[in-house]
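Here are some notes to read alongside the structure, written for someone meeting such a model for the first time. Please keep the picture open while going through the points.

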Number of protein chains: 2
Amino acid sequence: MFLLDPAFPESSEPVGDLALCHVRLQADARFPWLVLIPRLASARELEDLGEAERTQLMAEILRAGAAVRAVALAMARPAAKLNIAQLGNVTAQLHIHVIGRRTDDDAWPAPVWGVGAARPYDPADAALAIAAARAALGL
Amino acid sequence: MFLLDPAFPESSEPVGDLALCHVRLQADARFPWLVLIPRLASARELEDLGEAERTQLMAEILRAGAAVRAVALAMARPAAKLNIAQLGNVTAQLHIHVIGRRTDDDAWPAPVWGVGAARPYDPADAALAIAAARAALGL
């Protein structure tokens, strides 16, 4: 049975579910940032997915990339680059980060992890960002 | 025409070619670390690949993960975790990092990028690491 690690609700807001992944908006207004969590029990690495699941995951990563670009546009800060990563060193449950980057963002050109502190969304902006992500994802 | 960005030879050694990707060993003995570079002109994002190329890339990422584990074993430091990332903020040519991590490595639990300075391989270790990677990749 799939159970979401409690670390995700502490750091992100639900966007919706695709065929494989639960999608969340990272609660950090510095970066347009979605997190994909395959709804599979005990998955920690891409190795833990079957081939069909990996193909589906790749498709959902692409869709999440388009959704991140839509979130960035909704925040009036178009993304120039995507960063995609599966790390899991802190939270082991398999999840994929899809992040929009700009050359004027708070971490550029470094990766975003560990750079400064998350800046919470203004509630109206969070609602806009989630709506943009859902529309782009067809949710 | 595919041309390798000169940044790669400055920081890594060639391992060989899979069907889609050129594979390199990152010249940093602190981490078992392969870099996959799809041999496609002008690709910068996963969005730039066709669906069949993305499926092939996912398969090669899985194979690279197994090869990273083989490199780690050859260095007598088995990997406990894989980190997989497509960033490209500094070197724009599309490439995917596949890195083996341990809880006692120099960056844990942070991502490896920007942590300290690369530690060059002893030449004998580099040869062992590349041989282990090639064997695991069937090259």
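The points below go from the relation of the two chains to the parts that touch.

1. This is a predicted model, and the place to begin is how its two copies are related. Two copies of a chain are related by a rotation about an axis and a shift along it. Here chain A is superposed on chain B by a rotation of 180 degrees with 0.0 Å of shift along its axis, the RMSD being 0.0 Å. That is therefore the relation of a two-fold axis.

2. The contact draws 26 residues from chain A and 26 residues from chain B. On the side of chain A that touches chain B, α2 and β4 (81-86) each supply at least two residues, and the residues of that side divide into 14 nonpolar, seven polar and five charged.

3. Strand β4 of chain A is joined by three bridges to strand β4 (residues 81-86) of chain B, and the two run antiparallel. Within this pairing, A:A85 has B:A85 as its bridge partner, and A:A85 is also the residue of chain A that comes closest to the rotation axis, with its C-alpha at 2.0 Å.

4. Which way do α2(A) and α2(B) cross, left-handed or right-handed? The crossing of α2(A) and α2(B) is right-handed. Helix α2 (residues 51-74) of chain A packs against helix α2 (residues 51-74) of chain B at an angle of about 120 degrees, with the axes 10 Å apart, and the two helices are therefore oblique to each other.

5. Where these helices touch, A:R54, A:T55 and A:M58 meet B:R54, B:T55 and B:M58, a contact whose residues divide into two nonpolar, two polar and two charged.

Key: Residues are numbered from 1 along each chain as its sequence is written. Chains are lettered from A and ligands numbered from 1 in the order in which they are written. This is a predicted model: local features need pLDDT of at least 70, side-chain atom pairs count only at pLDDT 80 or more; totals for chains, interfaces and linings use all residues. Axes are lines fitted to C-alpha atoms, for helices over the stretch in contact, and angles run from 0 to 180 degrees between N-to-C directions. Helices (H or I, at least four residues) and strands (E, at least two) are DSSP runs, numbered from the N terminus. Angles under 35 degrees count as roughly parallel, over 145 as roughly antiparallel, 65 to 115 as roughly perpendicular and the rest as oblique. A crossing is left-handed if the near helix is turned anticlockwise from the far one by less than a right angle, and right-handed if clockwise. Two residues are in contact if their C-beta atoms, placed from the backbone, lie within 7 Å. Ala, Val, Leu, Ile, Met, Phe, Trp, Tyr, Cys and Pro count as nonpolar, Asp, Glu, Lys and Arg as charged, and the others, Gly among them, as polar. Copies are superposed by least squares on the C-alpha atoms of residues with pLDDT of at least 70 in both. Two strands pair if DSSP finds at least two bridges between them.
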